[in-house]
Amino acid sequence: MRLTIFWERMADHFGAAYADSFARDHVMSELGGRTVHQALDAGWEAKDVWRAVCAAVGVPADRR
């Protein structure tokens with residue numbers, strides 16, 4: 001998954017304004033105690049980060 005698609009999906013789910021705030025501030029156990037930004041900076045694949053976000057916040061299957 002390309003980062004542009006990842007961020008589009010984040011904005012679609014959370015709203016454009018909240019997506020970055022969530023990605024910057026929400027520490028997730030699914031990402032090894034990292035935020036979305038930290039996981040991406042650490043080299044995680046965008047698709048794996050998206051899957052973790054989906055699992056953490058219950059994104060419906062049809063929007064994954």
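Visitor: Which residues form one aromatic cluster here?

Guide: Bear in mind that this is a predicted model. The cluster is made of F6, W7 and W50. Searching the whole structure turns up 5 aromatic pairs. In one of them, the ring centres of F6 and W50 are 6.2 Å apart and the planes meet at 85 degrees, so that pair is edge-to-face.

Visitor: Where do F6 and W50 lie?

Guide: F6 belongs to helix α1 (residues 3–14) and W50 to helix α4 (residues 46–57), so the pair ties together parts 44 residues apart in sequence. Both residues are buried.

Visitor: What else is F6 in contact with?

Guide: Setting aside neighbours within four places in sequence, F6 is in contact with M1, V36, L40, A46, V49 and W50.

Visitor: Let's zoom out. How many helices and strands are there in the protein chain?

Guide: The count is 4 helices and 0 strands, and along the sequence that reads α-α-α-α.

Visitor: And how do I judge the overall shape?

Guide: For 64 residues, a compact globule would come out near 11 Å, and the protein chain has 10 Å, which agrees. The C-alpha atoms fill a box of roughly 25 × 20 × 20 Å along the principal axes. For contacts with a separation of 6 or more, 42% are between residues 24 or more positions apart.

Visitor: What should I expect of the inside?

Guide: The general idea is that nonpolar side chains tend to be buried together in soluble globular proteins. In this chain, buried residues make up 30% of the 64. The largest nonpolar core has 18 residues, and F6, M10, V36, V49 and V53 have the most contacts inside it. The elements giving two or more residues to that core are α1, α2, α3 and α4.

Visitor: Which element gives the most to this core?

Guide: That would be α4, with 6 residues.

Visitor: What comes just after α1?

Guide: G15, with a positive phi of about 95 degrees.

Visitor: Which residues are buried in α2?

Guide: A19, F22 and A23 are. They cover an arc of only 95 degrees around the axis, which puts them on the same side of α2. A17 and D25 are exposed on the other side of α2. As for partners, the buried residues of α2 pack against α1, α3 and α4.

Visitor: One last stop, in a loop. Is T35 buried or exposed?

Guide: Buried: T35 has a relative accessible area of 5%, and the cut-off for that label is under 20%. T35 sits in the loop between α2 (16–25) and α3 (36–41). Leaving out neighbours within four places in sequence, T35 is in contact with A23, R24, D25, H26 and V27.

Technical notes:
Residues numbered from 1 in each chain as written. Predicted model: local features only at pLDDT ≥ 70, side-chain atom pairs only at ≥ 80, totals over all residues. Heavy atoms only, no water. Buried < 20%, exposed > 50% of the residue type's maximum accessible area, 1.4 Å probe, protein only. Contact = heavy atoms within 4.5 Å. Phe/Tyr/Trp six-rings, centres within 6.5 Å; stacked < 30°, edge-to-face > 60°. Core = buried A, V, L, I, M, F, W, Y, C linked by side-chain atoms within 4.5 Å. Arc of directions from axis to C-beta. Rg over C-alpha atoms; globule rule 2.2 N^0.38 Å.
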